[in-house]
Every structure is written in C-alpha cells, then in structure tokens.
Amino acid sequence: MTRAAKDGVTVDDVRAFWERHPLFTGESSFEPGTREFFDEHRRVYIEDCLAGSVDSRFIPPEGNRDHVLDLGCGPGFWVIELSKIGKLEGPISGADLTQAAVDLMKKRAEIYGVPVLASQQNAEALTFEDGIFSHVNCVGVIHHTPKTEQCVAEIARVLRPGGSALISVYYKNAILRNWGALSWVGKALAKLGAKLAGRSRDNIFRENNVDEIVRLYDGGDNPVGKAYTREEFIRMLSPHFVVKETFLTFFPARALPVSIPAWLHRWLDRRMGFLIHATMVKK
C-alpha cells in the first residue's frame, strides 16, 4: 500500500488541515457557501470526477434506503445527490471530521431544500449507536486518516444486520504503479501547463515520489494520503464486509493542459481512475 504521512500525524492534525482547507475552497473562484460555489462544485464533480454521470452503483440498494449516512460529507455533494436520486425513505445523515465541512454541507442542504441530520464525527471513533444505519456512503475519506482500518470497523459497527455500504479510497492504478518509468511524462505535461489549481499543488506532475503525489493531491500541507491496490483494499474490508463489486472513477481530466474527448475521459475514468469503490454488505 502506498502511504504518505508526516511523522507522528494524528487525527487532530488531519482535522486542523481540513478546517483550514475545506474541500474545493482552494479551487473555486466563488465564495464558499454561495449557490454559485455549490453549483460549480457539482458541475466539476460530475463532469470531471465522475466523467459525466453518477454511476447507479452509488445509490443505496432497495431495502437499505431508510437511514443513510454520508460519512466524510465535505461540502455536501453526496448528501444532495443521494437525496435527489437515491429514492431515500427518510432524511440523510451527513457527518464530517470538521465543523467547516458540516457548516458548508448544512448551507448546501438549505439552498437545495434537502432535509439533513448533521453531526461532526471522527470516522475512527464514531459516536453513533451500534446498528442504527441501513447504508453508509463514504467516498474518498478514510485514506485521509491515520487508522483507516479502524474506520472500516466503525462503519460496520454502526450498520444494522444486512446493512450495506459503499466505501472508496485512492487507488494505486497503473499510472501510480509505474510512475518510476512514467515520471518523464508528468514532467512533460507540467511544461505544457498540467497542474491542479490551489492548495500548493501546482508542481504535482513534477514529483518523483509516488507517496508524495498521493499526499499532495489534497494540498501541500495535507498530513495523510494513502493509495491501495485492489487486493489491499479488499483485504482491509473483508473482516467486516462481503464485497460485492469494485469499480473505478476519478480521472481528473481538468488537470491536463488540453481538453480530451468525453469518450476518452469515460474510458480513462473506468480503467485508470484514481478512486476505487467497493459495494458491500455487512457480515
């Protein structure tokens, strides 16, 4: 497993970073918390992170739509999307490590008219009672905390018997696995203008160390970033879940110096995505 973390990092360090740098705030030109900010975030998330559409596998399965938790909600993308398209049977719960994210999520829900139950939570030690949720959605979250395996156990704990989950982490795809031979491509792209905006990430394509690429994706001061192979991911999930399916998304085409065709973006998203998702049922 690829790991990158500053020495002795704690959950408090992670919380402090994300309080200062809520997701997307370093990238958008709009004021955080405004309708324009959230509209732009939704457009970027769907068009770039999801290559144009929300995969149906993100929707909770029938029978598990009555008490859904979005864990690590950030500014609330999945809270809104699952509420709108997931055929939920009750208000969704949204939780995040930081108050900044919870506040943004609540503002987003207010603007879009979505009922939400909000709370500030540490995924390594949730305060929810055992077995109260029917489904947990946790997209791109637990690779940002020191005790990722403990987060998986906590997600399982708060799910009822037969409960389902979708969990995703950064994926050590073929690009990352072979970066030693491909780093010259990154440097060439950087010369052409490839970069990720904001958060001191402009030189990410020039980086030689794969661990640093993973960590730097979320900012120069990001304390923790981890990437997993499919085998490592399933091994981490298997003590608590029956894994039904894995799939990839998230090829950040917006970082490239030129636009690519939509069909190519979709192909790269499915085969070279930087997030691996698992749909699961609690054992």
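Modeller: The side chain of Asp70 makes a polar contact with the side chain of Asn137, at 2.9 Å. A polar contact is a pair of N or O atoms within 3.5 Å; within protein, one must be able to donate a hydrogen and the other to accept it, and residues adjacent in sequence count only if both atoms are side-chain atoms. Note that this is a predicted model: local features need pLDDT of at least 70, side-chain atom pairs count only at pLDDT 80 or more, and totals for chains, interfaces and linings use all residues. Residues are numbered from 1 along each chain as its sequence is written, and side-chain values use heavy atoms, with hydrogens and water left out.

Asp70 sits in strand E2, residues 68-71. Helices (H or I, at least four residues) and strands (E, at least two) are DSSP runs, numbered from the N terminus. Asp70 is buried and has no salt bridge. Buried means under 20% relative accessible area, exposed over 50%, and partly exposed in between (1.4 Å probe, protein chains only). A salt bridge needs a side-chain nitrogen of Lys or Arg within 4 Å of a carboxyl oxygen of Asp or Glu. Which side chain of opposite charge is nearest to Asp70? Arg108, at 9.1 Å. For charge, Lys and Arg count as positive and Asp and Glu as negative; His and the chain ends are not counted.

What else touches Asp70, leaving aside neighbours within four places in sequence? The contacts are Trp78, Val79, Ile92, Ser93, Gly94, Ala95 and Asn137. Contact means heavy atoms within 4.5 Å.

**Aromatic rings**

Trp78 belongs to one aromatic cluster with Tyr45, Phe58, Phe77 and Phe247. Rings of Phe, Tyr and Trp (its six-membered ring) pair if their centres lie within 6.5 Å; planes under 30 degrees apart count as stacked, over 60 as edge-to-face and the rest as tilted. By this rule there are twelve aromatic pairs. Phe37 and Phe38 form an edge-to-face pair, 5.4 Å centre to centre with 70° between the planes. Both Phe37 and Phe38 are buried. Phe58 and Phe247 have ring centres 5.5 Å apart and planes at 75°, so this pair is edge-to-face. That pair links distant parts of the chain, 189 residues apart. Phe58 lies in the loop between helix H2 (35-49) and E2, and Phe247 in strand E8 (residues 241-249). Phe58 counts as buried because its relative accessibility is 0%. Phe247 is buried too, at 6%.

Helix H2 also holds Cys49. Cys49 has 10% relative accessibility and so counts as buried. Beyond four places in sequence, Cys49 touches Val44, Thr249, Phe250, Phe251, Arg254 and Asp269. Gly33 is 16 residues away along the chain, with 21 Å between the C-alpha atoms.

Helix H1 (residues 11-20) buries Val11, Val14, Phe17 and Trp18. They cover an arc of only 125° around the axis, which puts them on the same side of H1. The arc is that of the directions from the helix axis to the C-beta atoms. Asp12 and Arg20 are exposed on the other side of H1. The buried residues of H1 pack against strand E7 (224-228).

His144 meets this region. Its contacts outside four places in sequence are Val14, Trp18, Tyr170, Asp218, Asn222 and Val224. The His144 side chain reaches the backbone oxygen of Val224 at 3.2 Å. His144 is in the loop between strand E5 (133-139) and H5. With a relative accessible area of 8%, His144 is buried.

Strand E7 turns up again with helix H9. H9 (residues 230-237) buries Glu232, Phe233, Met236 and Leu237. These span an arc of only 130° around the axis, which puts them on the same side of H9. Glu231 and Arg235 are exposed on the face turned away from that buried side. The buried residues of H9 pack against helix H5 (148-158), strand E6 (159-171), E7, E8 and strand E9 (275-282).

**A partly exposed leucine**

Leu189 is in helix H7, residues 179-191. At 24% relative accessibility, Leu189 counts as partly exposed. Leu189 and Phe205 are 16 residues apart in sequence and 7.2 Å apart in space, C-alpha to C-alpha. Leu189 also contacts Ala194, Leu256 and Pro257, again leaving aside neighbours within four places in sequence.
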